[in-house]
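User: Hey, I've got a structure here that I've never looked at before. Can you walk me through it?

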Amino acid sequence: MATVGQRGASSPRELTRMGDRISFIYLERCVLHREDNALTAEDAQGVTHIPAATIGTLLLGPGTRVTHQAMSLLGDCGAGVVWVGERGVRFYSGGRSLNRSSSLVEAQAAKWANRRTRLEVAREMYRMRFPGENPDGLTRHELLGREGRRVKECYRRESERTGVPWNGRIYIPGEFNAGDPANQAVTAAAQCMYGIAQTTVTALGCAPGLGFIHSGHELAFVLDIADLYKTEIAIPIGFDVAAESIDDIGSRTRRAVRDHVNKSGLLKRCVNDIKHLVLSESAPDDPDDIDVVTLQSDDGEVESGRNYADQDDIEVPW
């Protein structure tokens with residue numbers, strides 16, 4: 001009889017596409033294991049089965065324990081795993097890419113390596129965040145200045161809309177309680193968006209560290225993508241939660257973000273936005289369900305799985 005540990009890795013066609021997945025699932029005070037090809041979460045109430053291939057990000061809260069087989073399944077399915085504190089969200093690990101093709105990461109690297117195209121992508125990100133403005137011709141410093149003014153305006157507007165006082169952004173890493181309720185809610189919402197963006201970037205096989213606006217950090221591109229939705233989703237939800245009550249700000253904000261993301265189909269939009277930013281208009285859609293390996297030669301890519309030693313035009317160094 002075959003055991004769970006002997007089951008082969010899922011093929012690309014067996015996995016749920018990133019844009020069709022549940023944004024994230026939060027679990028706490030339970031034990032995660034694997035039964036067949038599903039996760040099981042066991043607590044005092046019983047056992048719950050969770051189809052692993054439908055998860056975008058799994059948030060593990062306080063009191064959770066996870067087995068090696070469960071983590072193996074999550075990695076096979078390309079799901080992100082985030083260990084969540086009681087008062088905040090941090091992305092600590094991720095599954096493997098769902099995308100077997102390297103076309104997206106190669107396109108990202110090509111645009112990032114060229115100063116002109118890197119600036120063009122940064123301008124397009126600004127255009128996506130703030131429709132109606134034309135960033136053509138703006139320098140990087142001018143983009144940063146405009147972005148800062150628009151974010152400040154968003155904070156002011158949401159404060160007036162909800163009646164929640166706002167005295168400026170206060171965020172100290174590791175000290176969730178350092179800010180007022182509005183800051184705590186905005187922090188929790190932003191960290192949720194970082195987790196979602198990290199999972200999507202990882203699932204598509206892009207390079208998290210090659211950012212077009214942020215730089216110098218291993219998650220620079222993740223921060224770029226998460227910021228696309230800051231003023232539209234994270235900040236308004238944070239103020240809405242803070243306006244309702246100051247109790248249990250972190251978990252209530254996570255639930256509000258989760259519900260909005262699922263209702264609006266943000267994962268599918270996030271996938272399309274990343275492809276829009278890194279792929280050229282003439283490039284075909286990324287074949288994320290095809291497992292193909294080629295070799296590079298002087299004349300372009302050639303078929304792998306064969307020996308080229310007998311060809312006169314290829315020099316073999318041995």
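User: How much of the contacts in the protein chain with a separation of 6 or more comes from residues 24 or more positions apart?
Analyst: That share is 62%, where contact means heavy atoms within 4.5 Å. Keep in mind that this is a predicted model, where local features need pLDDT of at least 70 and side-chain atom pairs count only at pLDDT 80 or more, while totals for chains, interfaces and linings use all residues. Residues are numbered from 1 along each chain as its sequence is written, and side-chain values use heavy atoms, with hydrogens and water left out.

User: OK. How many helices and strands does the protein chain have?
Analyst: Nine helices and ten strands. Those are DSSP runs numbered from the N terminus, with helices being H or I of at least four residues and strands being E of at least two.

User: And what percentage of the residues counts as buried?
Analyst: 43% of the 318 residues in the protein chain. Buried means under 20% relative accessible area, exposed means over 50%, and partly exposed is in between, using a 1.4 Å probe and protein chains only.

User: Which residues have the most contacts inside the largest nonpolar core?
Analyst: Phe221 and Ile225, in a core of 51 residues. Helix H5, residues 181–203, gives the most to this core, with ten residues. By nonpolar core I mean a set of buried Ala, Val, Leu, Ile, Met, Phe, Trp, Tyr and Cys residues joined through side-chain atoms within 4.5 Å. There's also a second, separate core of 18 residues, and Cys30, Ala70, Leu74 and Cys77 are included in it.

User: What does phenylalanine 221 touch?
Analyst: Leaving out residues up to four places away in sequence, its contacts include Met125, Val201, Pro208, Phe212 and Ile274.

User: Is cysteine 270 buried or exposed?
Analyst: Cysteine 270 counts as buried because its relative accessibility is 2%. It sits in helix H9, residues 266–278. Cysteine 270 touches Thr200, Ile225 and Tyr229, not counting residues up to four places away in sequence. Threonine 200 is 70 residues from cysteine 270 in sequence, yet they are 7.3 Å apart in space, C-alpha to C-alpha.

User: Now the helices. At what angle do H4 and H7 pack?
Analyst: About 30 degrees, with the axes 10 Å apart; H4 covers residues 140–162 and H7 covers residues 230–244. Axes here are lines fitted to C-alpha atoms, for helices over the stretch in contact, and angles run from 0 to 180 degrees between N-to-C directions.

User: Which residues meet there?
Analyst: Among them are Val151, Cys154 and Ser159 in H4, and Ile235, Pro236 and Phe239 in H7. By class, this contact of H4 with H7 has seven nonpolar, three polar and three charged residues. Ala, Val, Leu, Ile, Met, Phe, Trp, Tyr, Cys and Pro count as nonpolar, Asp, Glu, Lys and Arg as charged, and the others, Gly among them, as polar.

User: Tell me a bit about serine 159.
Analyst: Serine 159 is in helix H4 and counts as buried, at 14% relative accessibility. Leaving aside neighbours within four places in sequence, serine 159 is in contact with Val164, Pro165, Trp166 and Phe239.

User: Last one: where does aspartate 248 lie?
Analyst: In the loop between H7 and helix H8 (249–264). Aspartate 248 has a positive phi, near 50 degrees, in a residue other than glycine. At 48% relative accessibility, aspartate 248 counts as partly exposed.
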